[in-house]
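Here is a short briefing on one protein model.

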Amino acid sequence: MRVLFSSVSLHGHVYPLLPLAVAAAERGHDVGYAVGGSQHRPLRNLGFTTMSAGIEFAAALERAAGGASRSDIGRLAPIVFGRLLPRAYASDLGPILADTRPDLVVYDMANLGAGLAAHLAGVPAVAHGIGLFAREFRRIVVASLAEVESDVDVSALFGQDENYLDICPPSLRGGAAECPLRPVAFAEPATLPAVVTGGDRPLVYLTLGTVFGDVDVLRAAVAGLAALDVQVVVATGPTAAGLRVTGAIS
């Protein structure tokens, strides 16, 4: 079977789908992945055929902000995920689906454009959950898309009857899932740094994730941890890559 995966071009949207994509490939299925170019390297390392689709999150956020501050994610998210990204992905995936003719599309629940493109192309599709808040977030962005999409009833397309793969534990779902999946962590192969594998002090891992990293917040957290007799690993993420830590923490 030929399976096309597609995600918004963010680590937190791509990585939750990769265990299923890897499992499909190991079962002999032909797996392709359509996503922004910034995510192609790890996908190619896994042996997947990659196709460029959509626009990068940072570019969509910049466009949604329109020159204003991009820090108000709550206000901008419905525009980014409910309008800009869906339009870009639906436009790019139309020709890709016509060319590759997959038997199934698996898309991250925030990538409405992939679900819309599959619907328009008549290809079976299933949404893949990415975390705990996914259902409520999705209702917000679906409502945003419904305000501007007149050709398809997106509220019905992305409603209660759609196929949905949920990786949350049963006690945290808040409702029946079409197909519950066991959550499996994914990380690119790498050698752990010596600070993790060695030393006799407790280890603290500090991160704000891959989207909401803030240099000032991380510096404040590091300053607080410096008072403790611990070793600290700080993962800045791409949004706080300029952080430099010096002093007593290692």
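Cysteine 179 is partly exposed, with a relative accessible area of 31%. This is a predicted model. A search of the whole structure finds zero disulfides, but four aromatic pairs. The strands include an open sheet of seven.

**Cysteines**

- The sulfur of cysteine 179 has its closest cysteine sulfur 14 Å away, in cysteine 168, which is too far for a bond.
- Seen from cysteine 168, the closest cysteine sulfur is that of cysteine 179, again at 14 Å and too far for a bond.
- A disulfide needs the two sulfur atoms within 2.5 Å.
- Cysteine 168 is buried, at 7% relative accessible area, whereas cysteine 179 is partly exposed, at 31%.

**Sheet**

- The open sheet has the strand order E3-E2-E1-E4-E5-E6-E7, and its pairing is parallel.
- Strand E3 (49-52) and strand E7 (179-180) are the edge strands, and each pairs on one side only.
- E7 is joined to strand E6 (residues 164-166) by two bridges, and these two strands run parallel.
- In this pairing, aspartate 166 stands opposite proline 180 of E7.
- Helix H2 (residues 18-26) packs on the sheet. This helix touches strand E1 (2-6), strand E2 (30-35), strand E4 (104-108), strand E5 (125-128) and E6.
- The direction of H2 makes about 150° with that of E2.

**Aromatic pairs**

- The search of the whole structure gives four aromatic pairs.
- One of the pairs is formed by phenylalanine 5 and tyrosine 33, and it is stacked. The centres are 5.9 Å apart, with 20° between the planes.
- Phenylalanine 5 lies in strand E1 and tyrosine 33 in strand E2, so their pair ties together parts that are 28 residues apart in sequence.
- Phenylalanine 5 and tyrosine 33 are both buried.
- Phenylalanine 81 and phenylalanine 137 form an edge-to-face pair, because their planes stand at 80° with the ring centres 5.2 Å apart.
- This pair ties together parts that are 56 residues apart in sequence, because phenylalanine 81 lies in helix H5 (residues 73-100) and phenylalanine 137 in helix H7 (residues 134-146).
- Phenylalanine 81 is buried, with a relative accessible area of 7%. Phenylalanine 137 is buried too, at 14%.
- Ring pairs link Phe81 and Phe137 with Phe57 into a cluster.

Key:
Residues are numbered from 1 along each chain as its sequence is written. This is a predicted model: local features need pLDDT of at least 70, side-chain atom pairs count only at pLDDT 80 or more; totals for chains, interfaces and linings use all residues. Side-chain values use heavy atoms; hydrogens and water are left out. Two strands pair if DSSP finds at least two bridges between them. Helices (H or I, at least four residues) and strands (E, at least two) are DSSP runs, numbered from the N terminus. Contact means heavy atoms within 4.5 Å. Axes are lines fitted to C-alpha atoms, for helices over the stretch in contact, and angles run from 0 to 180 degrees between N-to-C directions. Buried means under 20% relative accessible area, exposed over 50%, partly exposed in between (1.4 Å probe, protein chains only). Rings of Phe, Tyr and Trp (its six-membered ring) pair if their centres lie within 6.5 Å; planes under 30 degrees apart count as stacked, over 60 as edge-to-face and the rest as tilted.
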